[in-house]
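Hi,

Here is the structure I promised to pass on. My notes follow below it; have a look and tell me what you make of them.

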Amino acid sequence: MSEFQAPIGTHDVIGPESYEWEGLIGTFAEFAHRFGFSLVISPMFEDIGVFNRGIGENSDVAKKEMYVFTDRGDRTYALRPEGTASVVRAFVQHNPTTPWKAWYATPAFRYERPQAGRYRQHHQVGVEVLGSDDPAVDVEVITLAWRFYEAIGLKRIRLLINSMGHDECRGAYVELLKAHLKANVSSLCEEHQKVWEQNPLRVLDCKKAPCIEVTSNGPMLPDHVCAECSAHFAKVVAGLTSLGITPELNPRLVRGFDYYTRTTFEFVADSLDGAQNAIGGGGRYDKLTEELGGKPTSGIGFGSGIERLLLTRQAEGISSALVDRSVDVFVIDTTDADLATSLCDELRRHGLSVERAFDGRSMKSQMKLADKSGARFALLIGPQEQAAGQVTIRDLRSADHEQAQSQVSRDSVTTAIFNLITK
RNA sequence: GUGGGUGUAGCUCAGCUGGUUAGAGCGCCAGGUUGUGGUCCUGGAGGCCGCGGGUUCGAGACCCGUCACUCACCCCA
């Protein structure tokens, strides 16, 4: 047991697992590009107000899960607990032309007890679109997520969707809901009997039987959003359906952050256990920009947890690699002239992945390393090759020692390798 | 924050009711005669048995504390 370990709830990602991360983030970057999004990199910590106003001071995350600290200049900062607030803060600050379409890959920090698929530092990929309330934007954002999930091989995924309504109709609905809850307080679950008033919408999301009973007899969001919101939502659902992405309407779907308006959605993986089966979520947030001091600007986005996406791939039994990180060539040098250095450099400059051994290992030992590296070819330079100005090329996939080898002059190695690879 | 399980080699784990120099498999390193991998054989390195205290002639085993990991609740990604 080493003296220092990664802090509670954090983890190191090292090879070969990190190849999956490279592949996943690379795939997301590719899809973001296809959909016209550009990368945004913003600070990992912000004035605490960005998050408090962004995600709502009453949300669980803001109340008890934020990593808050004071710097040497007495400024109060928090490590970002999610991706959206920072991006919107950046939007307000720079006021770029709209619609502004940004994607990100970032760690997120929440102080909570770690558990399967839940960490104090986890990682998300996501996108945001600022400056358009066109339902086609909602469709595009959700489609991007969906196509990305398809591309990484996920099959058992469902899209849950709901509309929270805009400021006014949602406000009116919350009043109705409050009245209903108040009349039935004693029938709620133990916990919500105490806290229902703080965030009544959360009671809709409660999985306990008493709360479900009470809320199913009460007002439901879809019946109370205004005509405009209702029409907007219908267009989103129709748009998705036309692309073959069938959303499941879930009138109980409300999310943990207060900023959501209108379209709200969540992706769940049926292959994961219920407690942590949300692999992504998002929605529209038409008031958030104002909360952070900007002009009224509608926005929508989603975030998806990298750890959970990889867990889901595992749970679905997907074994295909997301990226090829195999070595092309392994250079074996048993001379004392270190001829490997220049040969490696030459091949690498031509774009090949090249590995070699160090520390003057024996021929046999270097061959073993070449085998373990998974390289297709081994290039051998021993005293004989050195004297003849040649290099031995050996195909490591072949079992036959003699037939697998050929010799070429040192000057034509690169050409010879490329001929073999493309053959 | 609350509760359950677990901490022995790089990894996965054995170590029976406390008893000598702490084990296996995999991995790692080196050999198996002249410069050649994947199989096989032989040898080797590597552990303050999470940490601190206690009981005992004697503790990896028992007791207390502590830290960490893990799972669940809450909530989320």
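Helix α14 gives the most to the surface near RNA strand B, with seven residues. Alongside α14 (363-373), at least two residues each come from β6 (121-130), α8 (200-205), β10 (278-284) and α15 (383-388).

Before you go further: this is a predicted model, where local features need pLDDT of at least 70 and side-chain atom pairs 80 or more, while totals for chains, interfaces and linings use all residues. Residues are numbered from 1 along each chain as written, chains are lettered from A and ligands numbered from 1 in written order, and side-chain values use heavy atoms, with hydrogens and water left out.

Back to the RNA. Of the RNA atoms within 4 Å of the protein, 47% belong to sugar or phosphate, and the rest to bases.

- R308: a polar side-chain atom sits 2.5 Å from a sugar or linking oxygen.
- E385: a polar side-chain atom is 2.8 Å from a base nitrogen.
- A116: a polar backbone atom is 3.1 Å from a phosphate oxygen.

Next, strand β12 (residues 329-333). Five of its five residues are buried, meaning under 20% relative accessible area with a 1.4 Å probe, protein chains only. V329, V331 and D333 point one way, F330 and I332 the other. Strands count as paired if DSSP finds at least two bridges between them. β12 runs parallel to β13 (354-356) over three bridges, with F330 opposite E355. It is also parallel to β14 (377-381), over five bridges, and there V331 has L379 as its bridge partner.

Finally, there is an open three-stranded sheet in the order β2-β4-β3, with antiparallel pairing. β2 (45-47) and β3 (68-70) are at the edges with a single partner strand each, so one side of each has no neighbour in the sheet. β3 and β4 (76-79) are joined by three bridges, and V68 stands opposite A78.

Cheers

Terms used:
Helices (H or I, at least four residues) and strands (E, at least two) are DSSP runs, numbered from the N terminus. Buried means under 20% relative accessible area, exposed over 50%, partly exposed in between (1.4 Å probe, protein chains only). A residue is near a molecule or strand if one of its heavy atoms lies within 4 Å of it. A polar contact is a pair of N or O atoms within 3.5 Å; within protein, one must be able to donate a hydrogen and the other to accept it, and residues adjacent in sequence count only if both atoms are side-chain atoms.
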